[in-house]
Amino acid sequence: MGKIKTLREDVYKKIAAGEVVERPLSVVKELVENSLDAGADNIKIEISDGGKKLIKITDNGSGFAPEDIEPAFKNHSTSKISELSDFDTLTSLGFRGEALPSILEVAKIEIKTSDNNDGRGLHCVFAGGRMIQKNETAFNRGTTILVEELFFNFPVRKKFLKTERTELNQIISFLEPVILVHPDKSFELIHNHKTVFVYQKTTGLKDRVYQVYGKDFLESLQEVDYEENNYRISGLVSRLNTGISVKKHQYFFVNRRPIREKTLVAALNNTFEKFLEKSRHPIGILRLAIPPHEVDVNIHPMKLEIKFENASAVYQALKHAIESSFGVKEEFGVDREISTLPGPSAAFSSRYGSPGRFPGDGYRKPGWQPPHTGIEAQKPYSDHQQDQLFPGSFLDGEDFSIIGQYKNSYILVEKNNDLLLVDQHNAQERVNFDQLKKEYKEDQVVSISPLFPVIMELSPSEAAGLDDGKIELLGKIGFRLESLGGNTYDIKAFPQVLGEQNVKDAIRTVIHMNVDTKEDELEFEDLVLAEIACKSAIKVNHKLFPDQMKTIVKNLFKTDNPYFCPHQRPIIVEFTLEQIEKLLKRK
Ligand code: ADP
Ligand code: MG
């Protein structure tokens, strides 16, 4: 019997809709998610020309019932939800019923599928938005979907696709977290007939991390396994005093859905802040099981974002989970002692010494399962309730009030019952950085000329450090330097955010910065922008008017990472009402 139904209008109208297919990555994402939702544990992805020419996904999932194939390609047709209240218990990645029809709008699709173990399958071809061929074929249980001629009918979109390498890299970056959070499934990626990777099924996250990143990486991590309220948090994070120089390996999964969400990013980085050097970042591969009714997955058309009903509870739980992985709290701050303890690395290397063989079940914690507790019986939403359920996300919005300024340096803010202490310098640095970065990315840094000539004498080594690359970079940031011969330069223009008095200092800083990041040019550029942002920001010990404080805080809350300045110094210290009441022994 068919499982796929068309959603009623009142239901699909409430589902975040929008462009689904932007590039090959979008197709791979939707199809892989469908395979996972179909219960597959073996997924093979074959692509050609970065996916621009061909994308073929093969899975061993449930397959389509014969009568479900055509409906699956109709708008708003899905087997995953039928009422809005189903979101309360949703465990599938998909729910919009729009991926297959949207892909069909821009490509040709061929499908082979079988829902039985007798080898009876169907082969269907769709083109021009409808099925043009259907015949029986021998096929094992599972599905192969082939997508060809992407954007054949949208030449402009096709033209805007990036190079083969870039499109492929995007696909790999999408797959990486998916592979991490599904160690019990095998994944294979083939590009232009060459294998990019194969990961066989394995038994747990650690084994998967070992397969993907190797022994050293795994040895730098420690296990997290924690429960608070109805949240179960498990995974791996950096050991104390380790971390890496790039903020790359930070993966979060909410109910197995890979997600980038600022509350989670902040909790990880804030918790590690005091244990890592400024230039190091924690690694985190963190799985959160949260009752589905406390998570809104229906806010982004591509399901890239989610919203927590109670973001600050999630923040606290993740923080506690990470802290508990550090072991005894009293050891905090005794960094040297901890780092010289005979860590478990010896045990690790003997256990993980030979790839592909993982004994030691005694070593592993019991398998992770989403919690069944706390998930209440379905309760239909009314519109009004829906608004109430998901208020503005953590630190968003303008509903805060300024209490005052402490020591002419820290702004005291009341927000959602919490007391926040905001470092005015770090806050403005973050705001300036985000603005500069945006202008920089769009090649639109606003620059102005000095009122009086600014002449700079550089030392010979400084002048040598100002090689062409740096002059070009300074140019992109809004500086214009004219050589007056020898090592003397006339500064004709500088970025507007930077006060004239800071111009020379900023240029010197950039000259002295080490461009040792050949592969990662962006990383270096970010550092330069951060320096400029820092030099432009208001200092501490500087009295501010209430309106100035309000503007700083308002702009801060609009940034992506209000908790950290670009140099990774914390911006905000938070006290919840509960903490304060506890301190004052009112509770
Ligand atoms: P959604 O995933 O939001 O339901 P899609 O358009 O992606 O919408 O898919 C429509 C339906 O087709 C799904 O609900 C599912 O029943 C079925 N389906 C899609 N891909 C597969 C697959 N690989 N195996 C089995 N069924 C599938
Ligand atoms: Mg889908």
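User: By class, how many nonpolar, polar and charged residues does the shell around ligand 1 have?

Analyst: For such a count, Ala, Val, Leu, Ile, Met, Phe, Trp, Tyr, Cys and Pro are taken as nonpolar, Asp, Glu, Lys and Arg as charged, and the others, Gly among them, as polar. In this structure the shell around ligand 1 has eight nonpolar, nine polar and four charged residues. Please keep in mind that this is a predicted model, in which local features need pLDDT of at least 70 and side-chain atom pairs count only at pLDDT 80 or more, while totals for chains, interfaces and linings use all residues. Residues are numbered from 1 along each chain as its sequence is written, chains are lettered from A and ligands numbered from 1 in the order in which they are written, and side-chain values use heavy atoms, with hydrogens and water left out.

User: Which residues are the closest to ligand 1, and which polar atoms face its oxygen atoms?

Analyst: A residue is near a molecule if one of its heavy atoms lies within 4 Å of it. Here 21 residues surround ligand 1, and the closest are Asn34, Thr78, Ser79, Lys80 and Gly97. A polar contact is a pair of N or O atoms within 3.5 Å; within protein, one must be able to donate a hydrogen and the other to accept it, and residues adjacent in sequence count only if both atoms are side-chain atoms. An N or O atom in the side chain of lysine 80 is 2.7 Å from an oxygen atom of ligand 1, a polar backbone atom of arginine 96 is 2.9 Å from an oxygen atom of the ligand, and a backbone N or O atom of glycine 97 lies 2.7 Å from an oxygen atom of the ligand.

User: How much of ligand 1 does the protein bury, and which elements give two or more residues to the shell?

Analyst: Accessible areas come from the Shrake-Rupley method with a 1.4 Å probe, and for residues only the protein chains shown count as cover. Taken alone, ligand 1 exposes 530 Å², of which the protein buries 95%. Helices (H or I, at least four residues) and strands (E, at least two) are DSSP runs, numbered from the N terminus. Strand 4 (77–78) and helix 4 (99–106) are the elements that give two or more residues to the shell, and helix 4 provides its largest share, three residues.

User: Is glutamate 30 buried or exposed, and what is it in contact with?

Analyst: Buried means under 20% relative accessible area, exposed over 50%, and partly exposed in between, with a 1.4 Å probe and protein chains only. Glutamate 30, which is found in helix 2 (residues 24–37), counts as buried because its relative accessible area is 5%. Contact means heavy atoms within 4.5 Å; leaving aside neighbours within four places in sequence, glutamate 30 is in contact with Val20, Ala99, Ile103 and Lys303.

User: Which residues touch the most other members of the largest nonpolar core?

Analyst: In soluble globular proteins, nonpolar side chains tend to be buried together. A nonpolar core is a set of buried Ala, Val, Leu, Ile, Met, Phe, Trp, Tyr and Cys residues joined through side-chain atoms within 4.5 Å. The largest one has 60 residues, of which Leu264, Phe308 and Val422 touch the most other members. Helix 10 (residues 311–325) gives this core its largest share, eight residues. A second, separate core of 45 residues includes Val27, Leu168, Ile171 and Ile179.
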